[in-house]
Amino acid sequence: MNQKPLPTHLRHRRTAWTGGLGTLLGALLIGLMLASPAAALPVGQPVEFETEAQEQQYQKLVRELRCTVCQSETIYESNAPLAGDMRRRVYEMTADGASEDEIIDFMVQRYGDYVRYRPPLQANTVLLWTSPFLLLVAGGLVWLQVVRQRQQVANHGELSADERAALERFRRGE
Amino acid sequence: MLKRIFIPLTGALMVLGLLYVGLGLDSRSLPSPLVGKPAPAFELESLEDPERMITEADFIGEVALVNVWASWCSSCRSEKPYLMALARQGVTIHAFNYRDTREDATHYLAADMNPYDTIAFDPQGDAGMEWGVYATPETYVLDAEGIIRYKHIGPLDAQLVREEILPVLEKLEAEQS
């Protein structure tokens, strides 16, 4: 973070060198991982499937499952070891032909409904799903009430003779 | 006039109430879907002896604790005295050594004392996933039939042992006899 910026020519040399090394290491890693993803899958690790459908299912699921350690991340983005394990499990199950529901059920059985970024509609989530609409209705009612009150004020007809007389007196400062 | 004050006031109080409750909740304490279910199956090498395989059957038979720990986990260190005290009281404690190396784990146990009866070595977190492990340390209570009856995520402390772990253990022992 606090490094002094390098002179331009050095910087170029450095990036070229590390870039090359990175690619080499990356290629090696990918090769190793594709051979047998026995360990947790690192973030951004490309995965390969036999069919396009499997690939799509994997990509969809890793974005829908929550990393339960780092609670505001999906397992797709999270660096936590647990997320790596979960990605690997999603990968393995998908490659084995498990369906989307089977994989989600597997995770829910172990980690609870909390792993789902899209919670199902059930008894304890009714409020979660309906509260935006309830708030909308409540807001609508308040709005109606305000409009009605304004109308009442606006419709308050002409002043009566007494009222006009009283107003006159006020004006004259009596 | 009264309505003018009353409505915003109730609104504000409701929001304050929600915030009070919501901010007081511990987002880490998630209900475990495994409580009430049988101990999940696994097969792992023993930490001490790679030749020996340990399965869930080794954990079942009496009321016992199952503790998930690792040598790299500092809060595991902090709860170890409580596990030692429980072991001294005669509580059986099984364990998963989670995402660790044999060398580090053995050092960790040798440097101090070892409260565990059976330790399954889980370097890849395979059994960890079956058991729904989030993060070390975690402690489960199994009854004699191998049903998970209680789970705590995070380190044990004196209060927790006194107010939760021991009562659960006593209740299960009483159920058994």
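Student: Cys76(B), buried or exposed?

Tutor: Cys76(B) is buried, at 2% relative accessible area. Buried means under 20%, exposed over 50%, partly exposed in between (1.4 Å probe, protein chains only). This is a predicted model, where local features need pLDDT of at least 70, side-chain atom pairs count only at 80 or more, and totals for chains, interfaces and linings use all residues. Residues are numbered from 1 along each chain as written, chains are lettered from A and ligands numbered from 1 in written order, and side-chain values use heavy atoms, without hydrogens or water.

Student: What is Cys76(B) joined to?

Tutor: Cys73(B), by a disulfide with S to S 2.2 Å. A disulfide is two cysteine sulfurs within 2.5 Å. Cys73(B) is buried too, at 3%.

Student: How many disulfides over all chains?

Tutor: One in the whole structure. Its S-S torsion is about 95 degrees, so it is right-handed.

Student: New topic. What order do the sheet strands take?

Tutor: 5-4-3-6-7 in chain B, an open sheet with mixed pairing. Strands (E, at least two residues) and helices (H or I, at least four) are DSSP runs numbered from the N terminus. Two strands pair if DSSP finds at least two bridges between them.

Student: Which strands stand at the edges?

Tutor: Strand 5 (118-122) and strand 7 (148-153) of chain B. Each has a single partner strand, so one side lacks a neighbour in the sheet.

Student: And how many bridges join strand 3 to strand 4 of chain B?

Tutor: Six, and these strands run parallel. Asn67(B) stands opposite Ala95(B) in strand 4 of chain B.
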